Amino acid sequence: MAIISCKGLTKRYDTKVLAVDRLNLDIEEGEVFGLLGPNGAGKTTTISMLCTLIHATSGAASVAGFDIGRQPSLVRKSIGIVFQEPSVDDLLTGRENLDLHGMLYHMAGPERKRRIDEMLELVGLTDRADDLVREYSGGMRRRLEIARGLMHSPKVLFLDEPTLGLDPQSRTHIWDYIRTLSKEHGTTMVLTTHYMEEADLLCNRVGIISQGKIIALGTPRELKSKIGEDIVRLKGAVDAQKLKRLKFVKKVAQADGVTTVALVDAPANLQALLKEVGKVDSVEVREVTLNDVFLHYTGKEIHQEEGEGGWFERVARSGGNRA
Amino acid sequence: MPELHGIYAVWKRELLVYLREKERVVGSFVSPLLWLFVFGSGIGGSMYAGTSGSGAYQAFIFPGILTMSVLFVSMFYGLYIIWDRKLDFLKEVLVAPVSRSSIFLGKVSGGVSDALIQGVIILVIGAFFIVHISPAQFIGTILVLVLLTFFTTSLGLIIGANLHSQEGFALVMNFVMWPMFFFSGALFPVSQLPAYFEPISLANPVTYAVDALRTVILGQSLFPFYLDIGVLLAASAIASVIGIISFGNLQQAK
């Protein structure tokens with residue numbers, strides 16, 4: 001049975017804004033599930049409903065077997081959450097923040113003390129544990145929040161942009177821990193993120209959410225294979241029509257003298273491709289990333305506003321940067 | 001008792017934060033002291049010019065100023081959840097497996113403690129400069145202040161929980177806090193007010209707190225002491241019921 005199950009989950013703010021629109025989603029126990037979407041897509045609203053922080057307008061959902069509407073306190077007992085906006089107390093020390101958290105989750109004194117030390121160690125804040133959070137950097141606060149969310153060993157951990165504002169080193173550190181938690185403790189995790197790389201690395205499954213609806217769902221590999229497997233960028237004069245006739249080419253786009261080709265199995269087909277192309281100034285090969293997938297599904301509106309090209313052309317124009 | 005744990009955690013947090021916000025603690029003393037020593041001696045002096053009566057007026061308003069200072073501290077404390085709801089600890093508490101009534105009671109005890117710290121200091125200052133206070137009077141005063149601040153903190157929390165914008169704050173100041181103070185008889189006997197204001201004074205729970213404090217500190221009273229206490233108990237009870245309901249409906253601010 002799914003540990004999280006949403007059936008027609010809907011949230012309407014006021015009467016106009018439909019933040020989450022009849023969401024159906026099952027998340028299995030032990031999964032690391034990623035919710036990807038642009039700002040305002042409904043990611044945080046979805047998480048807030050699942051955490052019982054806001055009421056759903058209609059529809060139902062269960063978390064760890066408990067109904068979010070009828071059994072909120074049982075849901076709360078089973079979950080941990082790392083908020084997107086800071087929710088640790090500035091005027092308390094790191095240790096005090098964790099201690100109060102332990103009390104709120106009914107942890108006994110000795111257990112609390114042990115877990116606090118473990119968590120501080122985990123996020124590398126042992127040295128600064130007794131400083132006021134006011135004196136922490138943004139990254140340190142974030143780490144403290146993550147420590148707090150994990151402290152009571154929840155069955156499901158919600159992470160709303162868990163590594164936002166972290167330096168690369170801390171980010172890698174948090175990623176490692178998320179993987180360990182998932183592997184060794186079977187903790188189910190639901191995370192929202194802007195970092196495609198993060199979703200790709202961590203998540204078993206990803207749901208792309210736009211305007212309150214899930215528009216694509218699958219493993220990162222499945223999602224990427226819908227676009228193609230690899231992308232080749234060619235600088236120089238290239239005849240696009242000729243390329244489109246090749247069997248292994250899925251899509252071709254041209255902008256500013258750069259031709260971007262999506263194809264299957266670049267290692268095997270690159271030679272054939274280059275033979276067809278002839279002489280070019282430079283060649284660059286990379287794998288399709290979730291970023292390409294993301295642009296493919298969510299970039300439609302942006303492209304309409306700009307009045308030209310789709311996701312693929314935008315990838316081509318942006319020089320293939322992995323934003 | 002898991003719920004007691006929760007109440008204790010919320011209370012402890014409030015107290016720690018209050019004690020660390022030194023500006024807030026210090027700032028909250030300035031206005032009561034101005035009222036007592038500048039307003040009190042100035043008005044008292046002009047009313048009783050040529051006599052030694054200015055001290056008597058200071059003593060008369062002392063229970064009123066004490067009431068005012070704890071009233072403001074506790075109401076501000078309660079209203080603070082308008083901001084708190086947007087960030088900070090409240091979100092963390094709302095998502096914890098602690099009942100909303102415990103959160104409310106923890107918050108109220110935090111506000112009562114904050115206000116009492118201030119009340120005790122003003123009481124000590126008063127005992128030195130204005131009026132003699134015996135240990136028994138001291139304890140009696142504290143007990144009345146607990147009842148009063150339980151009510152006023154709850155009221156602040158109720159308003160804060162139902163108010164959705166920070167702009168409403170000024171309205172609350174002008175339409176709730178100042179009237180509660182002026183109609184309470186803190187600065188003058190309620191009997192001096194025109195008759196048409198009398199119902200407002202009588203409907204104001206703070207009136208009974210001022211009267212109870214005057215009974216304890218000065219031995220002057222308008223109503224029987226049991227009535228004062230009865231009204232304060234009833235007001236606190238009603239406010240906690242409404243408060244618990246308001247907290248039950250509290251959702252994270254968008």
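The bridge partner of Cys6(A) in strand 2 of chain A is Leu25(A). Cys6(A) also has a bridge partner in strand 4 of chain A, namely Ala61(A). The model is predicted, so local features are given for pLDDT of at least 70 and side-chain atom pairs only for pLDDT 80 or more, whereas totals for chains, interfaces and linings use all residues. Residues are numbered from 1 along each chain as its sequence is written, while chains are lettered from A and ligands numbered from 1 in the order in which they are written.

These bridges belong to an open sheet of four strands in chain A, with the order 2-1-4-5 and antiparallel pairing. Strands (E, at least two residues) and helices (H or I, at least four) are DSSP runs numbered from the N terminus, and two strands pair if DSSP finds at least two bridges between them. Strand 2 (17–27) and strand 5 (66–67) of chain A lie at the edges; each has a single partner strand, so one side of each has no neighbour in the sheet.

Strand 1 of chain A is joined to strand 2 of chain A by seven bridges, and the two run antiparallel. Together, strand 1 and strand 2 of chain A make a hairpin with three residues between them. Asp14(A), in the turn of that hairpin, has a positive phi of about 55°. Strand 1 (residues 4–13) of chain A also pairs with strand 4 of chain A, in the antiparallel sense, over five bridges. Strand 4 (residues 58–63) of chain A is in turn joined to strand 5 of chain A by two bridges, again antiparallel. Here Val63(A) has Phe66(A) as its bridge partner in strand 5 of chain A.

Chain A has a second open sheet of four strands with antiparallel pairing, in the order 12-13-11-14. Its edges are strand 12 (249–255) and strand 14 (282–287) of chain A; each of them has a single partner strand, so one side of each is left without a neighbour in the sheet. From one strand to the next, the twist averages 15°. Axes are lines fitted to C-alpha atoms, for helices over the stretch in contact, and angles run from 0 to 180 degrees between N-to-C directions. Strand 12 of chain A and strand 13 (residues 258–263) of chain A run antiparallel and are joined by six bridges, and Lys251(A) has Ala262(A) as its bridge partner in strand 13 of chain A. Helix 10 (residues 266–277) of chain A packs on this sheet and touches strand 11 (230–235), strand 13 and strand 14 of chain A. The direction of helix 10 of chain A makes about 25° with that of strand 11 of chain A.

Chain A as a whole has 13 helices and 14 strands. The C-alpha atoms of chain A fill a box of roughly 75 × 45 × 35 Å along the principal axes.

Chain A also meets chain B: 23 residues of chain A are in contact with 26 residues of chain B, contact meaning C-beta atoms, placed from the backbone, within 7 Å. Helix 2 (72–78) and helix 3 (94–104) of chain A are the elements that give two or more residues to the side of chain A that touches chain B. Helix 3 of chain A gives the most, with four residues.

Chain B has eleven helices and zero strands. The radius of gyration of chain B, 19 Å, is close to the 18 Å given by the globule rule for 254 residues, so chain B is as compact as a globular protein of that length. This radius is taken over C-alpha atoms, and the rule is 2.2 Å times the number of residues to the power 0.38. In chain B, buried residues make up 46% of the 254 residues. Among the buried residues of helix 11 of chain B are Asp228(B), Val231(B), Leu232(B) and Ala235(B). The cover over the buried residues of this helix includes helix 6 (100–129), helix 7 (135–162) and helix 10 (205–218) of chain B.

Methods:
Contact = placed C-beta atoms within 7 Å. Buried ≥ 20, exposed ≤ 12 C-beta atoms within 10 Å, placed from the backbone.
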